[in-house]
Amino acid sequence: MQMIRARDIHKSFHKLEVLRGLSLEVSKGEVVAIIGPSGSGKSTFLRCLNRLETIDRGTIEIEGEVLAAPGPDGKTRYAPEEQARRICRKMGMVFQQFNLFPHLTVLENVIEAPLVVKGVKREDIVPEAEELLRKVGLLDKRDSYPSRLSGGQKQRVAIARALAMKPDIMLFDEPTSALDPELTGEVLRAMRQLAEEHMTMLVVTHEMAFAREVANRVIFMDKGEIIEAGTPTEIFSRPSHPRTQAFLNNML
Ligand code: ADP
Ligand code: MG
């Protein structure tokens, strides 16, 4: 079964067409890296998948359930609110900016969504949250406030927080690009570990080494379209499209 099926996705902001008929399927346990120039629509695409933005046209299915599809009149129909929320909860998202709650401790940040959204009991979720914090190497920070953490630590909390909702799919939007270079490694390690545990991951990144080593498939996007897709070797060692070649040359 495909975890994500996006077909012919179109999205405009006013006159600006940001996604121009983008199609992508991601299967279970696959790690897909999306690379491409700034402004090419990478973030918008991720945001459309979990309904932070609505699409104008196309179909989105998550684990076989239709989130959005054309209705009989051709206009996009979304699943009813409850169902759409349930579908989107299958996806955890980590943003460039960590978006932690500043007034909550690390542990409280991690348990907040399961407590509030899922109504899980505190005594049930705390051990799970501690396990997640241990996994990202931050159990000793459980009672600290975000302001006391480095950027890399904050981002690892954000990953633990997303995982606390037990998603089947993780979406990462340039999770290391707000970090000082010396702090990116610890975040990439946590992501690599997730990949090794066969989490299905869609990762927008400009960490080419990470994409090369961890991704099963690399997608090059430009101006709202997928220009080229392939294995890391295909994309990085022998890109076939001139725009991919130009982009990669600029990255070096
Ligand atoms: P990327 O993540 O590849 O850098 P984005 O998806 O963030 O690209 O943006 C693609 C284009 O859409 C950019 O030109 C950006 O300015 C525009 N855009 C993104 N979000 C909005 C929005 N909410 N309103 C208007 N324009 C937007
Ligand atoms: Mg972006």
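1. Asp 222 belongs to strand β10, which covers residues 217-222. The structure discussed here is a predicted model. Asp 222 counts as buried because its relative accessible area is 9%, and the cut-off for buried is under 20%.

2. What does the side chain of Asp 222 make a polar contact with? The partner is the side chain of Arg 243, at 3.0 Å. Setting aside residues up to four places away in sequence, Asp 222 touches Pro 37, Ser 40, Ile 227 and Arg 243.

3. Strand β10 is part of an open sheet of six strands, in the order β7-β8-β9-β3-β10-β11. The pairing in this sheet is mixed. Strands β7 (91-94) and β11 (225-230) are at the edges; each has a single partner strand, so one side of each has no neighbour in the sheet. On average, neighbouring strands are turned by 20° against each other, with direction ignored.

4. As background, strands of a sheet pair through backbone hydrogen bonds, and the pairing is either parallel or antiparallel. In this sheet, strands β8 (residues 169-173) and β9 (residues 200-204) run parallel and are joined by five bridges. Within that pair, Met 170 has Met 201 of β9 as its bridge partner.

5. Helix α5 (residues 151-163) packs on the sheet, where it touches β7 and β8. The direction of helix α5 makes about 170° with that of β7. Helix α9 (residues 242-251) lies across β3 (31-35), β10 and β11, and runs at about 95° to β10.

6. Apart from neighbours within four places in sequence, Arg 156 is in contact with Val 136, Gly 137, Leu 138, Glu 186, Val 187 and Ala 190.

7. The UniProt record, an unreviewed entry, annotates residues 4-248 as "domain: ABC transporter". In the model, the end C-alpha atoms of residues 4-248 are 27 Å apart. The span is 38% helix and 28% strand.

8. On confidence: where pLDDT is low, predicted coordinates should not be read in detail. For this protein chain the mean pLDDT is 96, and 100% of the residues reach 70 or more. The scores of the model are ipTM 0.98 and pTM 0.96.

Notes
Residues numbered from 1 in each chain as written. Chains lettered and ligands numbered in written order. Predicted model: local features only at pLDDT ≥ 70, side-chain atom pairs only at ≥ 80, totals over all residues. Heavy atoms only, no water. Helix = DSSP H or I, 4+ residues; strand = E, 2+ residues; numbered from the N terminus. Buried < 20%, exposed > 50% of the residue type's maximum accessible area, 1.4 Å probe, protein only. Polar contact = N/O pair within 3.5 Å; in protein donor to acceptor, adjacent residues only side chain to side chain. Contact = heavy atoms within 4.5 Å. Pairing = 2+ DSSP bridges. Axes fitted to C-alpha atoms, helices over the stretch in contact; angles between N-to-C directions. pLDDT = per-residue confidence, 0-100. UniProt positions renumbered as here; feature names shortened; annotations may be inferred.
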